[in-house]
Structure formats: C-alpha cells, structure tokens
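Please open the model in your viewer and keep the selection tool at hand.

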Amino acid sequence: MTMLIGHDTQTRALLQAARSGRMHHAWILAGTKGIGKASVARAVALRLLAEAAGPPIETDGLAVPESHPIRRLIEAAAHPDYAELSPIEKDGVTARNISVDQVRGLQRLLQSAPSLSTRRIVVIDSADDLERGAANALLKTLEEPPADMLFLLVSHAPGRLLPTIRSRCRTLGFDALDEAAMRRVLTDVQPGLPDAELAALVRAGEGSPGQALRFAGLNLSEIEQALSDLAAGPDEGNGKRLALAKALATKSAKPRYEAFLERAPAFIAQAARHRQGAALGQALDHWEQARHLAGGAVILSLDPAAVVFELAGHVAALAPQP
C-alpha cells in the first residue's frame, strides 16, 4: 500500500480530536484537488476503527499493520461500521455525481448500532460531487447525527457546498505539498523515474501528486524542455515551433498533445509570476490567449498541428527581445 506522505498537522488534529472524546461529528477536508485529502480521510477512518475494535496497535500516527483484521475488512469493503460514497463507476464510465440514492443507502448504517466498535464512519469523496437531492439528504443527517457517527467530507471547493452543510461541519484546510514531499510521493508511486521526468512531474503537479500523476508515462520532461527552449529563444524560421507541431499532431501522440494543451498555458502562467510591469502584462495577455485556445482545441476539433504551432508562439513570445 502506498505510504501516506505529508499533512502531518491535519492528521494530528483529527486523531487528537477523536481521542479526546469530543470529536465533532462532521469535518470538511478542504484543499486543492489531488493533494491527498481523500487518502488522509481513509487512513484516519481505518486507524480510528482499528483502534476502537482492536487488537491494539503499537505504533503512533496512522499506520495500521497489513495483518490487522479491521484493515482486511475495510480493504474488502466488508466493514459493517464503515461506508464510502463517491461517483459510481459502471462499464468503465464514472458517473458525474453522487446520487441521492447513494446517500439514502446509508440508512442501514445510520439506523443500526456499531457492530465492531463504538464508532461509525462515512467518507465522502468528494462532497463537491453530491447532486442537489443528495446534498439535501445528507444535510438532514448532519442536522441530527446519530451518536458516535463521524462524517469526513472531502472538498476541493468548499465554497460551492451548501452553506447549511458547511455550517454543520468543521473545516480543516490542507495545503499543497512542498517539493520534497512531492518527490517522495511520486517516487513511491512511480519508482525508477528518471531525474528529468521526476522534476517535470513535480513542476506540473504544483504541489498536487494527483495532478502530476495524470502526466505519468507521457515523457513530460521532453515537453517541458521544448517549452523552456521556446521561452529562451530565438526560434529562427520557426523551426522549434514546426518541429513540436509535427511531433504532437499524430494520432499516436494524442495523449501527449492533450498534455501539451494543459502545460503550455501553465508554463506561461508560471513565467508570469517572475515578471513585473510591462513584461508581466505581456505574459498575462499571452496566457489568456493560450488558455482560451487550449480550452477549446479538443471540443472544437481544431487541427492539432495548427493549435500546437500557435500555442508554441505564445510561449516563444516570452523569449528575451534582442
């Protein structure tokens, strides 16, 4: 199982609250998508249920031995005091929302006494995905929670949740991971990454391992190097732009083309952070144009070679002027 890295302060806060005997019944775990909030929620749920049921765990923190019976029950989706809600996947397609029927399906858990310990836990990943009816159904439970019930709501945008849901939860903020933690997560999940590829994934992730891993296996370092070369200039006869357009326009290169659509505007935005005055304004103009073009390229079925060439031009505009 992948080791949980980072968010030690948040983890301690949840465990201390639970062990104090004064645990609030509902928490919103808030922060950027992909930084590990859901992993923390699941790990905290496992640890609390394992502690409550036994056998005792000798180590501190979130670690639960692979051999622990509660761990085996949860991993088999067979623990009677635990439930997890997320959009359902069927025939390889994941639903857009968590349905009201899924929330209503919690009634068996809510109406029965804990079976293996004194606690019941529900993880919702993510609360942002609750359809309107599901959110209202959850609200009724949060208003009159059963005893010894704990809800852990993962949210990437808590401001979009119903205010009445937010008012009944405590919010625990999660920060993006630093570079060292990002490297540890990525090498844990993708061992043997070349240094250049690891560095490219760290930059692309911007503190979110989930975001970085979307680019795994796409030779992102080559794309990042091409962007850096364009921004360094010069590009006599548009040779760099033409070569990049040719390389990313084939059918086999579609995943890398889509990665380029994301990375080119992001590269410009990152460059803009280090500029001031007129240079900043120019970078922001190119970022806005690149973002608009990249955002519509797939939906409008624009010619990939033309899109790459134009996006590369916006990146090349960052080059120092002679």
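A residue is called buried under 20% relative accessible area, exposed over 50%, and partly exposed in between (1.4 Å probe, protein chains only). This is a predicted model, in which local features need pLDDT of at least 70 and side-chain atom pairs count only at pLDDT 80 or more, while totals for chains, interfaces and linings use all residues. Residues are numbered from 1 along each chain as its sequence is written, and side-chain values use heavy atoms, with hydrogens and water left out.

Select Leu302 first, in the loop between α14 (277-297) and α15 (304-316); helices (H or I, at least four residues) and strands (E, at least two) are DSSP runs, numbered from the N terminus. Leu302 has a relative accessible area of 32%, so it counts as partly exposed.

Next, select His25, in the loop between α1 (8-20) and β1 (26-30). Is His25 buried or exposed? It is buried, because its relative accessibility is 16%. Beyond residues up to four places away in sequence, His25 has contacts (heavy atoms within 4.5 Å) with Leu142, Pro145, Met149, Leu150, Phe151 and Arg168. Now display Ile165: its C-alpha atom is 12 Å from that of His25, although the two residues are 140 places apart along the chain.
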